[in-house]
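Hello,

Here is the structure I promised to pass on to you. My notes on what turned up in it follow below.

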Amino acid sequence: MKKWKSALVALGAIGALALAGCGSSERDGAAESPSDAASGFDAGAAIGVALPQKTSENWVLAEQLFNDGLKDAGFKPIVQFANGGVTEQQNQIDAMVEQGAKVIVVGAIDGSQLGTQLKAAKDAGVKVIAYDRLVKNTDAVDLYVAFDNFRVGELQGQALLDGLAARKGAGPYNIELIAGSSDDANSTPFFEGALSILQPKIDDGTLTIVSGQTSFEQAATQGWKGENAQKRMDTILSGFYAGDTKLDGILSPNDTLARAALTAVQQAGKDVPVITGQDSEVESVKSIVAGVQYSTIYKDTRELVAKTIDQIKLAQQGQDFEVNDTTSYDNGVKVVPAYLLEPKIVTQENAAEVYANDPTLGPLTK
Ligand code: BGC
């Protein structure tokens, strides 16, 4: 049965979920503490934060949280997006080094294009923290702070299987795969994590990828752009799902691409497929509550930014970074010591509970 209509009606039932700014909390510590003569730095130092493009709401939220949190901690934040692309981000990092930033936090557009800039930062004594996305092929990175990307993929793969069993009856099922942008170092662990769960079910015939597009390269979505995912899905639907061929499920790496794929499926006149996502974006949370999008992932940006700022305070005091993983994130030159946070899967069943304390998304029943 098609559920599009009832779902749209249900959307109205949710309270306002605007991407509200969140208040800066008072932070103790670093502002008043003296710099460590041995290896720390001035308590009021400049801190650079190089953000990528605004490809999802988590990045927009991070900008404000870094500005507020770093100011509260007594630092001078230089927080910049690079909407113009890789060259702009390279120039911004160079400028941050010139402006005397003591730590540079990098959310890379292209994790393998920053080697020269990060080497210059390292040579100038700047500590480099890769934020959310790993930077590749350089030893000029001191720490990686992120939600565990491979785990995100595993949760997405499992959610797809659970959703198919719950909403599409007994298998076998027809599915399609979508991956993130190939320049983002996260896209591979997301995809591989998901495939680690799905592959046995592909091998035993429970899942069929009707288009035959099974590789990361075939499934990738340049620039994480919704329009690219939608176009690809349009082509797949007209080429492989003509007539009564059912599309039961779609692995989508994030919410933006999930919504784009759902638009393509809806326009093709097909039933709502079980579809995964990530980021807990406002529109997707509404869709999950309404029973359309099946799942998303909650990676609380507040937690990730706060953890990153805690690490900057440690560096300011001349202390070592706090690390909880020293094996998982090999960037091609070194295994980058990491502080990893646990992502959470969210479906209609647990959405109210997961977002209960989130100032942007909860409470859902208001
Ligand atoms: C982030 C995802 C996000 C994607 C697109 C990734 O690097 O980890 O949360 O969906 O970028 O912005």
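Rings of Phe, Tyr and Trp (its six-membered ring) count as a pair if their centres lie within 6.5 Å. By that rule, ring pairs join Trp59, Phe66 and Tyr131 into a cluster. Please keep in mind throughout that this is a predicted model.

Aromatic pairs

Searching the whole structure gives 7 aromatic pairs. In one of them, the ring centres of tryptophan 59 and tyrosine 131 are 5.9 Å apart and the planes stand at 65°, so this pair is edge-to-face. Tryptophan 59 belongs to helix α2 (residues 57–72) and tyrosine 131 to strand β4, so the pair ties together parts that are 72 residues apart in sequence. Tryptophan 59 and tyrosine 131 are both buried.

Another edge-to-face pair is formed by tyrosine 298 and tyrosine 355, with 5.3 Å from centre to centre and 90° between the planes. Since tyrosine 298 sits in strand β10 (residues 295–298) and tyrosine 355 in the segment after α12 (351–354), this pair ties together parts that are 57 residues apart in sequence. Here, too, both tyrosine 298 and tyrosine 355 are buried.

The ligand

Which residues come nearest to the ligand? Of the 14 residues around the ligand, they are Thr55, Ser56, Arg133, Asp184 and Asp279.

- Aspartate 184 has a polar side-chain atom 2.6 Å from an oxygen atom of the ligand.
- For aspartate 132, the distance from a polar side-chain atom to a ligand oxygen atom is 2.7 Å.
- For asparagine 58, the corresponding distance to an oxygen atom of the ligand is 3.3 Å.

Taken alone, the ligand exposes 310 Å², and the protein buries 100% of that.

Helix α4

Helix α4 spans residues 115–123, and Gln117, Leu118 and Ala121 are buried in it. Why do they share a side of α4? They cover an arc of only 95° around the axis, which puts them on the same side of the helix. Thr116 and Asp123, on the other side of α4, are exposed. The cover over the buried residues of α4 includes α3 (86–98), β3 (103–106) and β4 (127–131). Glycine 125 follows α4 and has a positive phi, near 85°.

Isoleucine 250 is in strand β8 (residues 249–251). Is isoleucine 250 buried or exposed? Isoleucine 250 has a relative accessible area of 0%, so it counts as buried. Leaving aside neighbours within four places in sequence, isoleucine 250 is in contact with residues including Leu160, Glu176, Met233, Val265 and Pro273. The C-alpha atoms of isoleucine 250 and leucine 164 are 9.9 Å apart, while 86 residues separate the two along the chain.

Serine 252 lies in the loop between β8 and α9 (255–267). Serine 252 is buried as well, with a relative accessible area of 0%. A polar atom of the serine 252 side chain lies 3.1 Å from the backbone nitrogen of alanine 258. Not counting residues up to four places away in sequence, serine 252 touches Gln156, Ile178, Leu257, Ala258, Ile275, Thr276 and Gly277. Ile178, Ile275 and Thr276 are also among the contacts of isoleucine 250.

Happy to talk any of this through with you.

Best wishes

Note on methods: Residues are numbered from 1 along each chain as its sequence is written. This is a predicted model: local features need pLDDT of at least 70, side-chain atom pairs count only at pLDDT 80 or more; totals for chains, interfaces and linings use all residues. Side-chain values use heavy atoms; hydrogens and water are left out. Buried means under 20% relative accessible area, exposed over 50%, partly exposed in between (1.4 Å probe, protein chains only). Helices (H or I, at least four residues) and strands (E, at least two) are DSSP runs, numbered from the N terminus. The arc is that of the directions from the helix axis to the C-beta atoms. Contact means heavy atoms within 4.5 Å. A residue is near a molecule or strand if one of its heavy atoms lies within 4 Å of it. A polar contact is a pair of N or O atoms within 3.5 Å; within protein, one must be able to donate a hydrogen and the other to accept it, and residues adjacent in sequence count only if both atoms are side-chain atoms. Accessible areas come from the Shrake-Rupley method with a 1.4 Å probe; for residues, only the protein chains shown count as cover. Rings of Phe, Tyr and Trp (its six-membered ring) pair if their centres lie within 6.5 Å; planes under 30 degrees apart count as stacked, over 60 as edge-to-face and the rest as tilted.
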